[in-house]
Structure formats: structure tokens, C-alpha cells
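Please read it with the structure open alongside.

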Amino acid sequence: MSVQLLDRELDRLESLWEDGLSEAYRSYLDAVGAQAPATRPRLALAAALVEVAIRLQGLGGRAASPPTLLMGDLCLARSSRILAGAATQAVQIAFALAIEEMSAAAASGVAAPATRDLLLRALEAT
Amino acid sequence: MVGQRLRFDTKHATEFVDITDLLRQEVRRAGMRMGRLHLQSLHTTLGLAVNENEPLLLRDFGNMLERFAPVGAGYEHDDFARRINVALDEPVNGHAHVRQLLLAGFATLLVEEGDLVLGRWQSVFAVELDGPRHRELALQLDGDFSPLPRASAGGSGRGRSAALSSDLVELELSRQLLVDPEPVSTPMRRLVEAGGKRLRPKLVQLTAAIGPRNEPLRTAALATAVELLHNATLIHDDYVDESTHRRGRPTVAAAEGPERAIAVGDYYFAKATRLIAEIGNPEVTSTIAEALEAICASQIDDVALRGAFPGDHESYLRVVRGKTAALFAAACASGAQLSDASPEIVEALRRYGDLLGVAFQMADDMVDFSPSSGKPVALDIRQRVLSLPLIYAAEDRTVGPEIRRLLAGSLGDAEVGRVADLVTSSDALQRVRAEAQALVDAAVHELETIELDGLRPTLISLAHSAVDRIS
């Protein structure tokens, strides 16, 4: 992903880049090698944004403060918009199902599978 | 939930049919102890009303309807030469349709201790406007039932039949909530069933009828997803705003804690995006995703602006266009996209939805100052939420200085009450009303340049209804 493109996709979320987003992005980038080259960075960023959102919001743990929750919401929304333009229908659905699984587990007070495992699986959906 | 039909024949052109006893009978027959009775007219010339059954008063009502919409006053609906697909037995009844606009087409009545909760002088009427005719009302009972009377009613078959013919979006909403895990579905069901205007799904359904492709089931799926998305944002909003009640019920955050509220909001955010992805229309998916991003960004701005409360007109518009209008615009555009409408129509409807959404929010701001709205007065002031009447009043030379001084301090009941009085005494509410009306006019203007296959009057009426609640 070009620097300009990445900048645009990180608008208002720049502070998160050094707070775990870049690390998550690189991990997912390694995992999307089977995808079309043009979409790899976007898919990796979408997955990283979901992972950071879940952490920021405190899903399954202690509730985030309102401003942090809203930042998490924006990460989820940004991810959703990126997926709408870059992912196949199957991957979009798989991402949504992964978030549903994590939030349902949080609401039920049971442990959810690791976020990264779920999202890596979602990226492979066909 | 029990659903059924009430059928009856009317005898006169205009007639107030007292159905109170019929409804009481249905409540008893179903064995309902506590809950709500939902009633909906299945006709466009049959209204509903709750009022006193006093013969002279009923004549007053009839006379009023005649004054507002006289028979044969040159209604365009009655000009059969200009209409298409006119049935052979089509009646001349423009007046009856117009009169129906003055009445409700649906009602919710409370049931307690096995009986309707009605005041001493209150009766429930089905109002015939184009009789005599055979009429039907859809009725649903939702609440707690005592098992024995219901078992003896023998009405379960009718209930199933009524459910089948209920509104597709409501059915789809119920169906979706039914398959979700209980810890997330229960709070969402409480919120959804508590009411809400369902404006956004309505916009989806209307605009999805505009293009050449008409698929009611996919439309219902999209409308349902949009409504779920809206409610998911409300659940997070209520936590952020520390709201204790919404639609007369405790918020999810207040009732079950912020952790649950965050999880429920996330679940339905994800579910809604999945339902939209499953529709398989990339344009629709992008439209809704962009709106969702705008909503979330505006929420952040909204909270940030509370430091500069009450804010200014420019900031207000920026936040409202994202927070409220974005989903209105997306509902309109996505419905049209689903129906394969042309890009010109999609964009015109997007602009219509945007203008309507801002007007709607302004009207909502004004309701905050209306003691008759049924909502707590001045909640926006108490919660330091952006409000255009407050912004205008704070700019007012006479009341502005005192408002700004009060807002700079802590806001107890006395201060909130005083600020509300000052706003009401200024011309702020009139200015907001005029601005909202101008936006509605602009929204209607957007519809003038496009072919809407007969839907223009409905969209115009819906736009006006956004501000009519403050007239």
C-alpha cells in the first residue's frame, strides 16, 4: 500500500499506528499472500483495524471509556468500508461473523477464540 | 405474541365505529394479562382514533373532517383521465384519503390486569372515511399471557395467519432477533419493540420501489439491516451520553452495564454489515459502509465539541450531517441502488435523504423543549448534547449572556430549567423551525427533477412529517 493511501485510510486514527496497529498490520500482511497483490494491504489493514477496535473497546473485559469506545467504533467502521471495496463477499461475511462470535461471547461472559485466529481464518474465506 | 384480524362492516360514508368492546373481548379471549395491543388499519381510507364516544362530539369530528377535506374539492386523485391502471370500480374518494392523513393508521394500547388501560372517557374508534365497506384491522397482542384462557380461545391458527401477512420488515426484524444468542438478542429486542419511527427502513422500502428491479425480500433484508445498524449505534450512544432511558425504557447500558452494551452494539453492527454483504450488491454495501464511517467520525466530533458547548452553527451542521443525516441519505441511496435506479436518481435521493436527515435532527432538537412531547424536557441541555435552538439562543443578544454563563457552570435542575425557559422565550425555536422547513423544501425540490414512478407524493409527505411534529 502506498504511503499516501495508507495515510488516507488512517485519517483520524494516526495515533493508533504506533499503539499496536502497525504491528497487527504487518502480521496480517504476512498472512494475505494468497490474495490478489492489489488488495493485500487493504485486507491486512482491515483485519488490523478490527483487532485494534476489539482491544480498544475492551470487548470481553472492562468497558472502555466513551471516547475510546468511539475510537474503536471508527476502527470497525473504517474496516468495514475498506472491506466493501477490497474484499470478496465471502471475506466480508466471514469478518462480520468473526465479530459476531467475539461480541456474542463477550455478552455471554464466556471466553472467545483469539481475535487474530478468527480474523486469519476470515481472510481465507472463499 | 398473538396476531389476528378484526373484521366488520360499516354502514355510512363517514362513521366512527367504537371498537373498544371488541378489543377488550380479544384481550380477554387471548388471556393477556400485561402488555401491549397493537392495532393497524389495513386500508388507506380507514383511520384510528382514541376519543370520547359522545354523539354530538362525533358529529363535530365529522364536520371537522368535512371542513378540512371537503367531498369533491377537485382532488387530483379523482382525475381518472390522468391516472394509470384505474380499476373499473375505482371510487371518487380523494377526500377520504386526505382525511385519513389527519388520523392515525395504527395505535398501541396498554393492557394491564387483563384489560385495556383507558381513561374514563376514552373509547377506541375505527374511523370509516369512504364507506360503507367491509373493513379489516390487524391486531397483535404482545406481553404476558395467562395460559388457560389462551388455550380456550382457539385462536392460534388465526395468529399464525396474521403473522404471515404482517409487514415484511417487522417480520424480518423478529426473525433475525430470533436466531441470535439470547444475551445479545434480548436487549436489542427490548429496544426494537419499544417503538421507534422506523423512518430509515421506510426510506429503504420506498426508494427500492423506484427502479426497474423490485425484490421485496431483499429490500426487507436491507431495511432490516439499516434499522439494526441504527439501533446498534443508539446502544453505544446511550453509553457515551450516559442516558438512562430511551423510548421510555432503560437503556442497555443502564439496565445491563456498559460491557454488555458494547458487546450488543458490536454484535448488531457486525450482523447488519453481514446482512448487507449477503445481499450481494457492492454499491449498496459501499453506500452503507461509508455512512457508518461518517456516523462514527461524527460521534467523535460530537463528544469533542462538548468542551465548547453549546458550539456553533457550522459545527452543528457538520456533526448532524454525519451523525443523523448520513444514514438517512444512505437509506435512500441504497434502496434506489438495490432497485437498479439510474445514478441520477440515486444521487438525487441521496441529497433528499441528507437534507431530510438534518431537518429531522433539527425537529428532534425542538422536541427537547416541548413539554407535550412525552419525553423529558431539556435532556440535551442536561447531557450537553449539540442542539440548534440552544446555539441560536446562546447567540441572542438578550438571553445569550445568561445562557452562556449558566452553561459554563455545573447544570443542576434549576440551571437546566432556567436555560430551557430562556431558549423558549427567545426566537431560537422559530428560527430552527424555519430552517428545518427550508431544508424540507430543498429536499422536496430534489425530487422534482427525477422520475419517481408515482412515489413523489409519499416521499414529499414523509419529508413534511419530519418537521410536522414540531408545528
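In this predicted model, α9(B) and α13(B) are roughly antiparallel to each other, because their axes cross at roughly 165° and angles over 145 degrees are counted in that class.

**Helix pair in chain B**
- Helix α9 of chain B covers residues 216–241 and helix α13 of chain B covers residues 313–338, and their axes come within 11 Å of each other.
- The crossing that α9(B) makes with α13(B) is right-handed.
- On the α9(B) side the contact is formed by R218(B), T219(B), L222(B), V226(B) and H230(B), which meet L327(B), A331(B), S334(B), G335(B) and L338(B) of α13(B).
- Sorted by class, the residues in this contact of α9(B) with α13(B) comprise five nonpolar, four polar and one charged.

**Domains of chain B**
- Chain B is divided into domain 1, spanning 2–165, and domain 2, spanning 187–468.
- The centres of domain 1 of chain B and domain 2 of chain B, taken over C-alpha atoms, are separated by 30 Å.

**Contact with chain A**
- In the contact between the chains, 33 residues of chain B are set against 30 residues of chain A.
- At least two residues of the side of chain B that touches chain A come from each of α7 (182–193), α9, α11 (258–279) and α12 (282–305) of chain B.
- With 15 residues, α11(B) gives the most to that side of chain B.
- The residues of the side of chain B that touches chain A are made up of 19 nonpolar, six polar and eight charged.

Notes
Residues are numbered from 1 along each chain as its sequence is written. Chains are lettered from A and ligands numbered from 1 in the order in which they are written. This is a predicted model: local features need pLDDT of at least 70, side-chain atom pairs count only at pLDDT 80 or more; totals for chains, interfaces and linings use all residues. Domain bounds come from an automatic or database domain assignment. Axes are lines fitted to C-alpha atoms, for helices over the stretch in contact, and angles run from 0 to 180 degrees between N-to-C directions. Helices (H or I, at least four residues) and strands (E, at least two) are DSSP runs, numbered from the N terminus. Angles under 35 degrees count as roughly parallel, over 145 as roughly antiparallel, 65 to 115 as roughly perpendicular and the rest as oblique. A crossing is left-handed if the near helix is turned anticlockwise from the far one by less than a right angle, and right-handed if clockwise. Two residues are in contact if their C-beta atoms, placed from the backbone, lie within 7 Å. Ala, Val, Leu, Ile, Met, Phe, Trp, Tyr, Cys and Pro count as nonpolar, Asp, Glu, Lys and Arg as charged, and the others, Gly among them, as polar.
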